[in-house]
Amino acid sequence: MRRAFLILVPYLWLLALFLIPFLIVLKISLSDTALAIPPYTPTLDFSEGWAGIKSFFADLDLENFWFLSSDDLYWKAYLSSLSIAFYSTILALIVGYPIAYAMAQAPNEWRPTLMMLVILPFWTSFLIRVYSWMGILSQDGFLNQFLLWTGLISEPLTILNTNTAVYIGIVYTYLPFMILPIYAALEKLDESLLEAAEDLGCSRIQAFWIITVPLSKSGIIAGCFLVFIPALGEFVIPSLLGGSKTLMIGKVLWEEFFNNRDWPVASAVAVILLLILIIPIILFQRNEQKSREAEG
Amino acid sequence: MRRFSWFNATSLTVGFAFLYLPMIILVIYSFNSSKLVTVWAGFSTKWYGELFQNEAFLNAAWVTLKVAVVSSTFATVLGTMAAYVMVRSGRFLGRTLFSGMIYAPLVMPEVITGLSLLLLFIGIGLDRGIVTIILAHTTFSMCYVSVVVSSRLVSFDRSLEEAALDLGCSAFEAFRLVTLPIIAPAVISGWLLAFTLSLDDLVIASFTSGPSATTLPIKIFSAVRLGVSPEINALSTIMISIVTVGVITASLVSKRASVRQQADEQAAVRADG
């Protein structure tokens, strides 16, 4: 009896506030836009009994998805989200790996402090961290003033409101997600393997590529997914740092919903975004399971 | 140690400079007396003064705090229950669905979670306001809490609980007297995580809030969309300082606790010998 209560409370909560809402999105993505409240049809009418339910299902169609596939804007938005997320992930790996590597090589007594320094930004507001770059990247911002002062450039660069600023924003805000799993993998690395490789005639750089990198593979994969998956649906970064030409699907969904008030199309955009995300999420889970098995 | 070369030292310095410089610059410019955020015109705290006279921000901060305290408390209770179910309950009908619903919100893009909750609230005719934000925040935070708590529950020695049951405790007493004190650090960090997630959330709150309740991130977002503003710099500085002090205090406290625990254990070993 107690056990049933314990299971039912969180179960029902999640059903009511996670699964059912998602089913509603799925349903509305199959509905039509209407000038009504709520602004879509059909709505389920139980008063008509079975006939009402039947006509409800008969009225659902894939029209919104046809609309999405026929309009260039959405294709471009999905593709550009994928490419922005992909390149940001690569950049975050290039920036994050050396930091994680150095942390793993640092003396034992430094490590808790270094860990805390990497985790601290997590606790700081995401919005503020993105906002801090607006003042740095703008035309008369800190970066341009600095570069002009050093004489490296003679004209201020336009960085804010371009895709470059979006890349910087994603790498900056998600960097800890990349550093931590790689550090966790590198920390477990057995130093004697490197010594053995060097005794057998490897240079340090060869030993790094032959031993360190493959043994940190699961950390690299985990870090890449942890950056890629949230970056794909990102909304805050492209709307603050990106320009009007920056197309990301999270931003398109937001505008479709709040500016155009087209709920069925916004829902269809959400359903396709989720379908795209399923593949990386499954791959990520497999990698996690594999590394857990390797440990156990 | 052997390998801690100039290369490692450089990557740490450059890496941490990248992570912290933007926030440091923001803090410095919050003390700038000029209205132009990018031109330094001398030290001043006037933006802090203006901030504390801005009713809209103060109201939003109060709403945000209320939402965060209530939702993280609900999320901690629900998340701990969910973790207990996941780790202890063995098989039950719909277990796969349950664990799916625990993990899915962690990777679900915020725009989708926000949209789906909004459509639910409209569907059932619930007016949007502080209650709907609390419901939304509780839902996604409880999943984070349950992940944190279940990792602690997995590593926990079940025989302690069984011993309590053998000695006549009821299941609830065993949980309260034995299990809860042992998993307490995870429950507390789960609460803190839920609290900061709620304070920080912009996207889901934007979908689920109504005209009657605006949170601080929503206010900040609409202000910074128009450009950089010195008041927001001051507000950001306050938020950064609170977090920094909080995290450093928490880590010092936990460090001291672990030192004491080690000392206790050594004393116990010595007493045994």
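The contact is made by B:Ala82, B:Val85 and B:Met86 of α3(B). From α4(B) come B:Arg95, B:Phe98, B:Ser99 and B:Ile102. Contact here means heavy atoms within 4.5 Å. By class, I noted five nonpolar, one polar and one charged residues in the contact of α3(B) with α4(B). Ala, Val, Leu, Ile, Met, Phe, Trp, Tyr, Cys and Pro count as nonpolar, Asp, Glu, Lys and Arg as charged, and the others, Gly among them, as polar.

The model is predicted: local features need pLDDT of at least 70, side-chain atom pairs count only at pLDDT 80 or more, and totals for chains, interfaces and linings use all residues. Residues are numbered from 1 along each chain as its sequence is written, chains are lettered from A and ligands numbered from 1 in the order written, and side-chain values use heavy atoms, with hydrogens and water left out.

Next I looked up the angle. Helix α3 (residues 55–88) of chain B packs on helix α4 (residues 95–107) of chain B at about 135 degrees, with the axes 11 Å apart. Axes are lines fitted to C-alpha atoms, for helices over the stretch in contact, and angles run from 0 to 180 degrees between N-to-C directions. Helices (H or I, at least four residues) and strands (E, at least two) are DSSP runs, numbered from the N terminus. α3(B) and α4(B) are therefore oblique to each other. The cut-offs are under 35 degrees for roughly parallel, over 145 for roughly antiparallel, 65 to 115 for roughly perpendicular, and oblique for the rest.

I then followed α3(B) to helix α10 (residues 216–224) of chain B. Their axes come within 7 Å and cross at roughly 140 degrees. This pair is therefore oblique too. B:Phe57 and B:Thr64 of α3(B) are among the contact residues, as are B:Lys219 and B:Ile220 of α10(B). The contact divides into eight nonpolar, one polar and one charged.

In chain A I checked helix α8 (residues 163–187) and helix α11 (residues 217–232). Their axes come within 7 Å and cross at roughly 155 degrees. That makes α8(A) roughly antiparallel to α11(A). The crossing is right-handed.

Last, the two chains. The contact takes 79 residues from chain B and 81 residues from chain A. They bury about 7,600 Å² between them, 80% of it on carbon and sulfur atoms. Buried area is the accessible area (1.4 Å probe) that two parts lose on being put together, summed over both. I found zero salt bridges between chain B and chain A; a salt bridge is a side-chain nitrogen of Lys or Arg within 4 Å of a carboxyl oxygen of Asp or Glu.

Conventions
A crossing is left-handed if the near helix is turned anticlockwise from the far one by less than a right angle, and right-handed if clockwise.
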